Amino acid sequence: MSRPPLPPFTRETAAQKARMAEDAWNSRDPVRVSLAYTEDSRWRNRSEVLQGREAIVAFLTRKWEKEQDYRLIKDLWAFDENRIAARFQYEWHDAGGQWYRSYGNEQWEFDEHGLMKRREASINDIAIAEKDRRFHWAAPGPRPADVPGLGTDPF
């Protein structure tokens, strides 16, 4: 199975890969998301370490049960050969209605077929008031073209 764009990445193809990841995660479909990873993909997400597509599906299912009305923006940070670094922000609320904005960075490593074989994510959550939300597009679904990325404002 091949998942273009393939490494080695250019700035354009690395940004395309980041946007494709964003769109998939905004679908909130764990199986769809898992298909972008190798069968034995290794992850570190916050303090949790997991391996393989089945573990990815289970993890994302738990994640989106907890993180309701999830909306994500990812931006390319850096790239080299078969690696990409991305920064991201996402908003969600818990079962009690408390909204959060989560900030993070990811490091990705891809195989020759364009599948991610390694993902390391560091994430921090900040409680926000509903009135302070920034991401308001219809969800689940991709960020509309007229909604800008993170740009130069990190916070």
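Predicted model: local features only at pLDDT ≥ 70, side-chain atom pairs only at ≥ 80, totals over all residues.

Reply: Residues are numbered from 1 along each chain as its sequence is written, and side-chain values use heavy atoms, with hydrogens and water left out.

Me: What makes a space in this structure a cavity, and how many of 30 Å³ or more are there?

Reply: A cavity is a set of points, on a 1 Å grid over the protein atoms alone, where a 1.4 Å probe fits but cannot get out. The structure has one of 30 Å³ or more. The largest cavity holds about 50 Å³. That volume is the space filled by probe spheres set on the points, with grid points joined across faces, edges and corners.

Me: Which residues line the largest cavity?

Reply: The lining is W25, K63, Y70, L72, K74, F88, Y90, E106, R119 and I123. Lining residues have an atom within 4 Å of a point. β3 (68-80), β4 (83-93) and β6 (116-128) each give at least two of the lining residues. β3 has the largest share, three residues. Strands here are DSSP runs of E of at least two residues, helices are runs of H or I of at least four, and both are numbered from the N terminus.

Me: Which residues of α3 are buried?

Reply: R53, I56, F59, L60, K63 and W64 are the buried ones. Viewed down the axis of α3, the buried residues fall within an arc of 120°, so they line one face of the helix. The arc is that of the directions from the helix axis to the C-beta atoms. Buried means under 20% relative accessible area, exposed over 50%, and partly exposed in between, with a 1.4 Å probe and protein chains only. The face turned away from the buried side carries the exposed residues E54, E65 and K66. Cover for the buried residues includes α1, α2 (30-34), β1, β2, β3 and β4.

Me: Why is G52 called buried?

Reply: Its relative accessibility is 8%, so G52 counts as buried. G52 sits in the loop between β2 and α3. Beyond its neighbours within four places in sequence, G52 is in contact with E39, D40 and S41. Contact means heavy atoms within 4.5 Å.

Me: Why is E130 called exposed?

Reply: E130 is at 53% relative accessibility, so it counts as exposed. E130 lies in the segment after β6.

Me: Why is A15 called partly exposed?

Reply: A15 has a relative accessible area of 34%, so it is partly exposed. A15 belongs to helix α1. A15 and A86 are 71 residues apart in sequence and 9.0 Å apart in space, C-alpha to C-alpha.

Me: What makes the phi of R46 worth a remark?

Reply: Most residues other than glycine have a negative phi, and most peptide bonds are trans. R46 has a positive phi of about 55° and is not a glycine. R46 lies in the loop between β1 (37-45) and β2 (48-51). At 28% relative accessibility, R46 is partly exposed. D69 also has a positive phi, near 55°. D69 lies in strand β3 and is partly exposed at 33%.

Me: Which omega goes with the cis bond from P7 to P8?

Reply: Omega is near 5° for that bond. P8 lies in the segment before α1. The bond from A139 to P140 is cis too, with omega near -5°. P140 lies in the segment after β6.

How values were computed
1 Å grid on protein atoms, 1.4 Å probe; cavity = no way out; pocket = protein on both sides within 12 Å on 5 of 7 lines; lining within 4 Å.
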